[in-house]
Amino acid sequence: MRGGRALKRWRYVGIFCQELMACAACVQIGPARQSFWALYLRPDGTLRERTRTLRGRGAVELRGGALRVADAGVRLELELKEGAPVHAHCLHAGGDVWTRKQAGVPAGGVLALDGGEERLVEALAVIDDTAGYHARRTEWRWSAGVGAGADGVALAWNLVSGVNDPPRGSERAVWVAGAPRECAPVRFSEDLREIASEDGASLRFSAEAERSRRENLLLLKSDYRAPFGSFAGTLPGPFDAGPIALARGLGVVEHHRARW
């Protein structure tokens, strides 16, 4: 605790490729712990997910450059080749928050469903490591994803509004060929279908499957929606560089309100 605020910390990993999108996270708020995972199979439009608050220890493991989910008939095991991160240390309504973001991280391993045969998975990941004393009431909009430019260059992004988003020294970043650079502030439309940047970029989002959850646990309350989907348009470029055309992109958008 600090100043009456509980420490919040988490690691979130998102996985994206043409065959599937997935995420897994381990969260701690003071003494409370939670884990969740979701798996969206794009060919048949199937979404599986599970959130564990009190039970299911070991269902999600995120450590040492690895992701492991073993729960409800899903076994997903991936190695993550963690790369160039961006770091931010920002004030939030009097508290401080540290975060490290990675995007475009190579991920490889296996997926097996309901005891069936293993299938190989080759994908790209985004990773969010955060720890801080956020305000008692916090609301943010966030997006992270991977893709390619018109010239084939690898692109990835982490965009946010509401937390860690000062004009400079934020967690906002775009990775071009694996190298991250901070970009200008962004704003999200209410329906999460567009992310506009101060440099004129406009990133359009088409949802394919959505995770959403509401919890009211007396002192803790959480309300979020986090759809997976595809992106088109332009990404904000590094400061003074201008927008970057995105030929194709996959990722996630999130709107989260929390009282914690």
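This is a predicted model: local features need pLDDT of at least 70, side-chain atom pairs count only at pLDDT 80 or more; totals for chains, interfaces and linings use all residues.

User: Why is C183 called buried?

Analyst: Its relative accessible area is 0%. The limit is under 20%, so C183 is buried.

User: Why is N164 called buried?

Analyst: N164 has 5% relative accessibility. That falls under 20%, so the label is buried. N164 lies in the loop between β12 (154–161) and β13 (173–176).

User: What makes the pairing of the N164 and E171 side chains a polar contact?

Analyst: The distance is 2.8 Å. The cut-off for an N or O pair is within 3.5 Å, with one atom able to donate a hydrogen and the other to accept it. The pair therefore counts as a polar contact. Leaving out residues up to four places away in sequence, N164 touches C90, V97, T99, S170 and E171.

User: Why is V110 called buried?

Analyst: V110 has a relative accessible area of 15%. Buried means under 20%, so V110 is buried. V110 sits in strand β9 (residues 95–113).

User: Which residues does V110 contact, beyond its neighbours within four places in sequence?

Analyst: R75, L76, E77, L78, E118, R119, L120 and V121. The C-alpha atoms of V110 and E77 are 5.5 Å apart, although 33 residues separate the two along the chain.

User: Which residues touch the most other members of the largest nonpolar core?

Analyst: Y12, F16, V126, W142, F228 and V252, in a core of 31 residues. Strand β2 gives the largest share, 5 residues. A second, separate core has 25 residues, including V13, I15, L39 and A125.

User: What does V126 touch, not counting residues up to four places away in sequence?

Analyst: Y12, V13, G14, F16, Q102, A103, A144, G145 and V146. Of these, Y12 and F16 are also among the residues that touch the most other members of the largest nonpolar core.

Definitions and conventions. Residues are numbered from 1 along each chain as its sequence is written. Side-chain values use heavy atoms; hydrogens and water are left out. Buried means under 20% relative accessible area, exposed over 50%, partly exposed in between (1.4 Å probe, protein chains only). Helices (H or I, at least four residues) and strands (E, at least two) are DSSP runs, numbered from the N terminus. Contact means heavy atoms within 4.5 Å. A nonpolar core is a set of buried Ala, Val, Leu, Ile, Met, Phe, Trp, Tyr and Cys residues joined through side-chain atoms within 4.5 Å.
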